[in-house]
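Welcome, and please open your viewer.

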Amino acid sequence: MEANLFEEEQAAPAAPSAVAEAGVPAAEAGKPPLRTRIHNSAFARNFRKNWTYLLFLIPAVAVTFIFAYVPMYGLLIAFQDYMPGDPILTGSWIGFENFKLFLGDYAFWDLMLNTFLLCILGFIIGFPLPIIVAVMLHTTKNKKLSKFLQTVFNGPHFISLVVLVGMLTLFFGRYGLVNNIIESMGGERYSFFLEAKAFRPMYILSSNWQDFGWSSIIYLAALSGVEQAQHEAAKIDGASRVQRILHVDIPAIMPIISVMLIMSIGGLMGVGYEKVLLMQTDGNIGVSEIIATYVYKQGLTPGGRGAGYATAVGFFNSIINLILLIIANTVSKRFSENSLF
Amino acid sequence: MENMSALENENMQTSATPAPAGKRRRRVKETPGDMAYYIITYILLGILALIVLYPLWFIVIASISNAEAVLNGKVFLWPVGFSLRGYELCFQNKEIWIGYGNTVWYTLVYTALSVMFTLSAAWALSRKNLPFRRFFMIFFTITMFFGGGLIPFYNVVSGLGMLDTPWAILLPGTVSAWNLFMAKTFFQTGVPDTIVEAAELDGANRFRLFISIILPISMPIVAVLALYYAIGQWNSYFNAMIFLQNENLYPLQLVLTNILTAAESSVGGGEGYYEAMLQSNQLKYVTVIISSLPVFCLYPFVQKYFAQGVLVGSLKD
C-alpha cells in the first residue's frame, strides 16, 4: 500500500508534462513542434531504423490473417440463416436461433456425451502413459538401449491417420488377424467396426499406440535436466530407486506436467475428428458421432442443416474449449504457480 | 511400507561401510528392491516395444505372403507362401500413382512455402527491436487457442476461388503458430546477438544478413520445420477431401481412404466375392507399406531433429 502511495507521489510532478504531451498548445512555448517530438520519440527512431523487419512478417501475417482471422469474422454466420454465397454483413440475422436449435436437438446430449467420453477416456490412459514411459526410459542404465527404444516408440507417430485406420481394419476386420486368433481359440468372429461397444476402446488404444512415445519426449527432456546431485543426496539418505522417482524425478518435472495437463484439459472437447470420421460406420455411429463430425456433416454434406447451423455448433464447441482452458489455467496458477498464460 | 523401510536400512548399511580402496570404481550393488524395479521396467519396456513393432512387422510379412494364407490366419511370425501379387496389384493401380505424384509435388511446394514464411516471420519476431512486436506476438498466439472453425474456413477458401485447385492444399496451414514460436525460440537462443550487430555495422542490409548469415547457421531449425511440415502434408487427407472434386488432383492419402477404409460389408458369399476380398486385402497390406515407405526410410536419420524440435519448442523465452 505504502509503496503504491509513494509511486503516485512520484508520478504527480510528472503529470503536467503528460498533459502537455496530450496537446495543449499554450503550454508548448519554447519546445519543438509536436510533430518533431513524435518524429524523435524512441518509437519513431526505432521504427525508422527497424521497419524492414516488418517486411519479413508479410507472408506469415497475410496467410494467418486470411486463413485464421477471416474465418473468425465468418463466425458471424452462426447468427444468420445463411445460404452459401450470401454476403456476411447483410445476411438475414436470426440471433441465437441456431444455438437454440442445437441445444434443443434430440442429438445434443448424445453428441456432448460422446465427445466428452471419447476425450476423457482417452485422457485417462493417454495422459499418464507417456510420463510412466519417460520415467522407465530414463531409469534404464543402458543408454544405447534407451535410444533404440525411443526410436521404436516414436515411429508410429509418423503413420498417417488414413493408414492407421487402414491397419485397424486389417487387424480387427472380420477376417483380420485378431478375429483369426479369436476363432482359433474357439470364439466367434466379432465385427469390431460394426459394434458400437468396440469403437471407443479401438479409437483410444490405437491413438495411444500411435502417440505415447512421441508424447514422452518432452518428459524425457525434463527428466534429463534433473540435477544428478539430488539423486546422489537421496541415495546417501538411503532412498530406493522407486522412492527417488517419486520424490526427486516427479517433483522436478511437475511444472511441465502441469503445463501439459492444462493443454490437454483445454483440448478435452476438441478431439480430432479426422480419425473419428475415418472409423465411422453405420454400426458405431451412435457412439462415434461427436460434435466435430456432426459439424462437418451438417455444414458440408448434402442433407445437413446448412452452414449457419453448423457454424453455430462449431462455435459452441470452441467456446467450451476456451472456457475449459481458462479454468484449467486459473486453477493451476492458483495451486501450483504453473500456467500457460 | 515396512518392506520399504527394511530396504532403506539395508541400503544405509551398505553405503555406510567404506568400500575397499581398489574396488571403488566398481558399480554399487543394487538392493533387491531396486533390482526388482529394474527387472520390471525392462520387462514392461520389452512388452511395449513388442506392441509397437509387431503390428508393423505383421503388415510387412502379410504383404509378401500368399493372400489365402493371410486371410485364413496362417501367417503369424514369418511370411507363408511367398507372393508378390499385392505389389503387382498396387503397381497396376493408376489412382495410387497419380495420388503419389500429386502428394510428392504438394509436399515439396507446401514445405518450401511453409519454411520460407515461417522462418522469415520467426526471425523478425525474435528481434527485440521489431516495431509492434507485442502486437504481432498476440496476433499469432490467439490462433493457437481459438479459430473460426471448419465451416467459415471452408467459406474463405471457397470465396477465394480455390475450390478444386491445388492452392486449397498448398496455402492454408503454411504458417503454424507452434512452429513459428519454435523457430523464434531457436533464433533467440541459438543465434548470438553479436553476429547481428557485427553484420549491421558492416552495413549489410537485413535481407542479405538473413540469407547469407543467419540461414546458414540455422540449418537445424530449417530441417526441423521442413520435416514437420512435410510429414504433415504427406499424411493429411481432410482438406483434400473437402476442397477437391477432381480425382486427378487427389493426394495419395485421399486415394487411400477409398482403398484402405472401405467399410466392410456384412453381406457376401460366392467365389467371386472371396477372390475379390483376397485381392483387396492384399492390396491394403501393400499400400500401407508403399505409402509410409518414404517417411519410414527417412525416419531413422532425421528422428534426432524431430526430438530437437520438441525440445526447442518447450523452452520458454
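## A guided tour

Begin in chain B with the loop between helix H5 (94–126) and helix H6 (133–145), where you will find B:Phe132. Keep in mind as you look around that this is a predicted model. B:Phe132 is not a glycine, yet its phi is positive, at about 60°. Most residues other than glycine have a negative phi.

Now colour chain B by confidence. The average pLDDT of chain B is 81, and 84% of the residues score at least 70. Which helix of chain B has the lowest confidence, and which the highest? Helix H1 (residues 2–16) is lowest with a mean of 40, and helix H8 (residues 167–170) is highest at 94. Select residues 1–25 of chain B too: the pLDDT there is below 50, and beyond near neighbours in sequence the stretch has 13 contacts in the model. Where pLDDT is low, the predicted coordinates should not be read in detail. For the model, the scores are ipTM 0.83 and pTM 0.83.

Show both chains for the next stop. Their contact draws on 80 residues from chain B and 77 residues from chain A. On the side of chain B that touches chain A, helix H2 (residues 32–63) of chain B gives the largest share, 14 residues. By class, this side of chain B has 50 nonpolar, 24 polar and six charged residues.

Finally, move to chain A and select helix H7 (residues 128–139) and helix H11 (residues 196–224). The axes of these two helices come within 7 Å and cross at roughly 55°. That angle is why H7(A) is described as oblique to H11(A). The crossing of H7(A) and H11(A) is right-handed. To see the contact, show the residues that make it, including A:Leu129, A:Ile131 and A:Val133 of H7(A) and A:Phe212, A:Tyr219 and A:Leu223 of H11(A). This contact of H7(A) with H11(A) has 11 nonpolar residues, five polar ones and no charged ones.

Technical notes. Residues numbered from 1 in each chain as written. Chains lettered and ligands numbered in written order. Predicted model: local features only at pLDDT ≥ 70, side-chain atom pairs only at ≥ 80, totals over all residues. Axes fitted to C-alpha atoms, helices over the stretch in contact; angles between N-to-C directions. Helix = DSSP H or I, 4+ residues; strand = E, 2+ residues; numbered from the N terminus. Parallel < 35°, antiparallel > 145°, perpendicular 65-115°, else oblique. Left-handed = near helix turned anticlockwise from the far one by under 90°. Contact = placed C-beta atoms within 7 Å. Nonpolar A, V, L, I, M, F, W, Y, C, P; charged D, E, K, R; others polar. pLDDT = per-residue confidence, 0-100.
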